[in-house]
Amino acid sequence: MADPVTALVVAFALVAIVAFLFWPHRGYYWRAQRVRRLGGRALLEDALKHLYNFEYRSQPASVESLGGALEVSQNEAADLLVRAEERGLVKVEGAVIRLTPIGRSYALRIIRVHRLYEHYLSEETGVTEEDWHRLAEEREHDLDDADVDQLAFEMGNPAYDPHGDPIPTVDGEIAPQRGVPLSEAEVGTPVTVVHVEDEPEAVYAQIVAEGLQPGVRLDLIEITPERVRFWANGTECTLAPMIASNVAVVSSTGPVEDEEDEFQDTLAVLRPGESGEVVRISRRCRGLARRRLMDLGILPGTEILAEMISPSGDPTAYRVRGATVALRKEQALQIQINRTLEAH
Amino acid sequence: MSAENRGEEILSEAAAVRWEAGPNFHDSLMETIYTDASQVADRAVSRTDEQPRFDLDRTIDRLVTSRWLGFPMMLAILTVVFWLTIEGANLPSGMLATLLIDNIHTTLKAGSAELGIPWWLDGFLLDGVYLAMAWVIAVMLPPMAIFFPIFTLLEDFGYLPRVAFNLDNLFRKSGAHGKQALTMSMGFGCNAAAIVSTRVIDSPRERLIAIVTNNFALCNGRWPTQILVASIFIGGLAPQHMAGLVSAGAVVGIAVLGILLTFVVSWALSNTILKGEASAFSLELPPYRPPRVLQTIYTSIIDRTLIVLWRAVIFAVPAGAVIWLSSNIIVGDASLAEHFINFTHPFGLLLGLNGVILLAYVVAIPANEIVVPTILMLTVLSAKMAGMGEGAGVMFELDSETTTAAIFQAGGWTLLTAVNLMLFSLIHNPCSTTIYTIWKETRSAKWTTISALLPVGMGFVVCFLVAQVWRLLM
Amino acid sequence: MATETTAEGCEACPAHHAGNLIKLGVNMSNWDYVVALAGNPNTGKSTVFNALTGLRQHTGNWPGKTVVRAEGGFSFGGGRYKLVDLPGTYSLLSTSLDEEVARDFILFGQPDVTVIVVDATRLERNLNLVLQVLEIRDRAVVCLNLMDEAKRHGLQIDDRRLARDLGVPVVPAAARQGEGIPLLIETLAQVATGQVVCKPHRLKNETPAMRKAIDRLVAKIESVYPDLPNIRWVALRLLEGDKRIIEAVRTGELGDLSRGTPGDPGTLSEVTR
C-alpha cells in the first residue's frame, strides 16, 4: 500500500497541474485557446468591426485607432491591415483606410451576431448588463450563419439591441444612427436616451452606474466644458463631457407617464405588515423576469402587502391580488412603489 | 399566391406596425388585461365579514418560517420522516425477503432441479435475474411505500413551498433557483422522479444545476447501504444502548453532507460552466389544505411507488444477469469477477475501499439497492470463505448483523472502509434509471455525461483524501 | 371551401381539426369532443381532472405540479369526451416552456371546449388567464373552484354576475369534495354540443396606440385569411414577436386553422363517428 504522505503529495501535485491548465479563464489551456483564436479570424473580424464603427459615425479610422481598439501594437495592426487588404476586405490609400463592399458586409454580419447575442443575453438570461458586451465579444466569432438565424428567430427578429444599437438584418441593412450625443443636447428640453456606447468598458461602467440605458428620460441642467449635469432616475447625475458623448439622446415628446423621474421607494423597503402601491417596474427588469412579475399581477396601481421574511433573510413573501408570492430582494428592488400609510 | 408569400406579407406588416406600437407593448397589454380583470372581479366578489376571526394559515406560516423555529422544524421533520421510513420498513422488508428469497427462491430451485434444467440456465435465471429482482423489491418497496405517502401528505398540506421559501437564500447564494429545494426533497425519495420535477424551474441554466446536483440527495436505494454499514461499524463503536442512535445520527450526517454538497456544487457550477446570475424567482405560497390521507396514500402508492419500483426492477434484471455471469464465467484460473477484483484492488485500497466494493458499484449502476447483497456475495467469493454464502453469483443478505460483520472482517474491512463506503454511496454516479431520465429531460449527451461523471469523480477524490489523511493520523 | 361551413357546423364538428390534434399527439379514434383543461398553477386543476375522469392522477399542493400533459376521458349523454389537462400557467403570453405547451394546445389543438379552472380566493389574478383564453377561444366554461375555501375566507362570489361579464358559463365547484362536478359536466356538454352559445368577453381597455396597431394588423391578416377564428389574438402575438406564431404564419400552418372544414382532405382523416 502506498505511503499516505507520498500519495497525498502526488495527488496535490496532480491537482495543481490540472488547476494550472484548466482554471476557468486564467488556466493555461484557456489562455492558449484565446491566443490561438485571436491570432486568426477573431482579430481580423474585430478589426473590420472597428473600421465599420468609425465609418458609421463618419470618423476617419487609422492604424493608431485600430491598434488601440484591438489592444495590439501598431506593427501588428499594420500587418493585420495588409492581411485584410490581401483578402479584398479593406482598401488602404495612404492614411485613409476604407472598407470594401465585401468587407462592409462581413463587418455587418459580425455586428449582427454581436447585437443579437447581447439582446439574447439581456432578455433570456440573468447575465448582468456589465457582462453583455464581453460575452458577446467572445461569442460573435464562433456562431455560424445557421446559429445566428436561429437565434434571431427565437428572439422574434428584434430590431434593436439592449444598448439601443440597431441590429443589421440578414441582408446587411441597418438603420441610421439616431439622436445626438448627450454632450451636445439642448439644455431645458427633456430628452430620452436612445443609445449607449458599450465601449470602452471603463466608460460604459460609469454610464451604467448612473442608470442610463435606452428609454431612460433625462432633464439636462447644464452643459459646461467640465461637466454635464442632468436629472435621471430621480437623482441628479454628473458626467464628464467625454463620457456623456457616448450617450445618444433624442428629445422626448410623448407623455411623461411612464418615466422614472421622481425618487421612488421600492418594494424592498416594506417590512412585514406594511403595504404600498406599485408605481412601475423598473426598466432594468427585462424579458421573462418582467413578464413573470406582470403575470403575477404586479402592475402600476397594484396594492402589495409585505407578509413575512424567510428565516434566512431573503426572499420576502408579499400578498398580491389575494395570493402570497415570494420575491427575492433584487426583484423587489426593481418594483417601485408609493408607501400606503395605513397598515392593513 | 402561396402560403409562404401570404405569410411573409403579414409578417412584414407586423414588423412595420411593431415600430408604431412602441417598446412597451407587452406592458400595456398586461395592464389592459388586468384592468378588465379587476373590473370583472370587483363586480363579482364581495366580502361577507371584514376579517376572519382567526387566520390559521398566517399563524402556521409565522411558525414554520419563523426566524428561530423555521430551520429546527425543518430538520426535525426531516429526521422524523427518515426515522419513520427506516423503522417502519424494517419489518416488511424482512418479511418480503423471507418470502421472495428464502421461500419462493428455494421452491423454484427445487422445482428446477426436479425438471432437470441445466445448471447454467437455472443459475442464470433464478440466481441471477430472479434474485436481483427479488432484492430490489424487498429492499425498495417498503421504504418507498412509506416515504412517498408521507412526502405526498406534506406536499398536499402545502409545507414544501415553505421549505423552498426558507432555503431560498442559500440557493440564491449558490447561484441556483429556490425551487431546487423542492426537487432536492423529491430526490430523497427517488432521484429519477426528482429529475423530472426540475421542470418547475424556468431557467435552463438553473434547471441544469438542479439536475446535476440532484444526485447528492440521498435516495431510497442508497439508504439500506448506509443503514447497514452504519449499524455494523459505527453503531458498534458506541455502547450498546446508544448504538441505534449513533448509527441513525451517522446516516442523517451523510444526508446533511449531501445537502451541503448540493450547495457547494451548485455554487461551483454557477461560477464556472453554468455561469450567470440567478434568474427571476417567484414562488407562490399556496394556502394550507387539510390533506386527504387515504386518497393520498392510494395515489402515491399507485403513481409513484409502483412506477419507480417497476423501473428499478427493469434495470435490476440485467444487473442480476451480469453478476451471475461474471462470477461464473471462468477465464484462466478465476472468474471474471475475481479478475476484476484483483485488478482494481490496489486502486480501491488507495481510495480506502477495496476491489469488491468497486466491482459492486460497477454492477450496481442499474440499481443501487443491490449494492449490499452484491458486496456480501463478492466478498465471500473473493475471500474463498468456506461454508458461507450460497454459491458463486448468488446474492444473499444475512439476517444477523454479527455474521455480516464476520464476513466483512474476513474481507479485510476496517472502520475506514466503512466510512468511505458510506461516503462513496453518497457521492458516486447516479443509477442508470436516473441517467436515462437525465438524458430524456435534457436531450444532451454533454450534460448527461457531466451528471454521471462529476459525482463519481468527486467521490474518488473525497474517498482518497479521507483515506490518506486517516492513515496519516491513525 | 366555405361551401360546407354553416354557422355552427365547423366548430362543432369533431372531425374538423382531427388532423391538428393527431399532430399534437392526441389519439382521437374513440372520442367525439375534445375538452382542454387550463388554469393557474395550484388551483386544483388536477383535482378537477381526476373528478371528471375518475382517474387518480397525483395532485399536490405546490405550484407547477402538472408538468406534462395528462389525458383522460368520460362519457355523458351519448357523447364521448376526451379531456386534456394542460400545465398550470399564469399566462399564455410569457413564452416559457409550460406556457407554450398550453398555448399550442389551445390555439392549434382547437379543443371543442376549454374549461378554465380558477381559484375563487384569487379571482382577480386568475381572470388574467381567463381573459387571455377567451381572446383565443369562443367555447369556454369557467370552473370556479375552491368555493369552500373562499367561503372559509369570508368571500362571496356572484357567479351569475361573473358569467354575464365574461360571456361564458361559470360553474361554482369544490372539486376536492366533488361538489359542482356534475353541473360542470352538464355545462361543458351543452357548450360542446352548441346548446349554449358563448359570447366571450373581449378586451376593452386598450390604449389608443395599441388599438390602432392591432386594428391595422387585423385588417391585414383578415385580407389574407378571412376565415381565421382568432385574428385579434394572432395580431397581438405578432406584435409581441412570438416566434411560434411567426413560424405558423410563415409556414402557412395558421391558414390551416381557418381551412379545417369537413371535406378538406388535408385535415379529414379516417376518423369516423
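The following dialogue explains how to read several features of a predicted model.

Me: On what conventions do the values rest?
Reply: This is a predicted model in which local features need pLDDT of at least 70 and side-chain atom pairs count only at pLDDT 80 or more, while totals for chains, interfaces and linings use all residues. Residues are numbered from 1 along each chain as its sequence is written, chains are lettered from A and ligands numbered from 1 in the order in which they are written, and side-chain values use heavy atoms, with hydrogens and water left out.

Me: How many salt bridges does the structure hold over all chains?
Reply: Side chains of opposite charge can pair when their charged atoms come close. A salt bridge is a side-chain nitrogen of Lys or Arg within 4 Å of a carboxyl oxygen of Asp or Glu. Over all chains, the structure holds 36.

Me: Which residue forms a salt bridge with Arg202(C)?
Reply: The partner is Asp138(C), with the closest N and O atoms 2.9 Å apart. Arg202(C) lies in the loop between helix H8 (181-193) and helix H9 (208-224) of chain C, and Asp138(C) in the loop between helix H5 (123-136) and strand E5 (140-145), so the pair ties together parts 64 residues apart in sequence. Here helices (H or I, at least four residues) and strands (E, at least two) are DSSP runs, numbered from the N terminus.

Me: Is Asp138(C) buried or partly exposed?
Reply: Buried means under 20% relative accessible area, exposed over 50%, and partly exposed in between (1.4 Å probe, protein chains only). Asp138(C) is partly exposed at 35%, and Arg202(C) is partly exposed at 29%.

Me: In what sense do E1(C) and strand E3 of chain C pair?
Reply: Two strands pair if DSSP finds at least two bridges between them. E1(C) and E3(C) (residues 79-85) pair in the parallel sense over 5 bridges, and Val84(C) is the bridge partner of Ala36(C). E1(C) also pairs in the parallel sense with strand E4 of chain C (residues 113-119), over 5 bridges; there, Leu37(C) has Val115(C) as its bridge partner.
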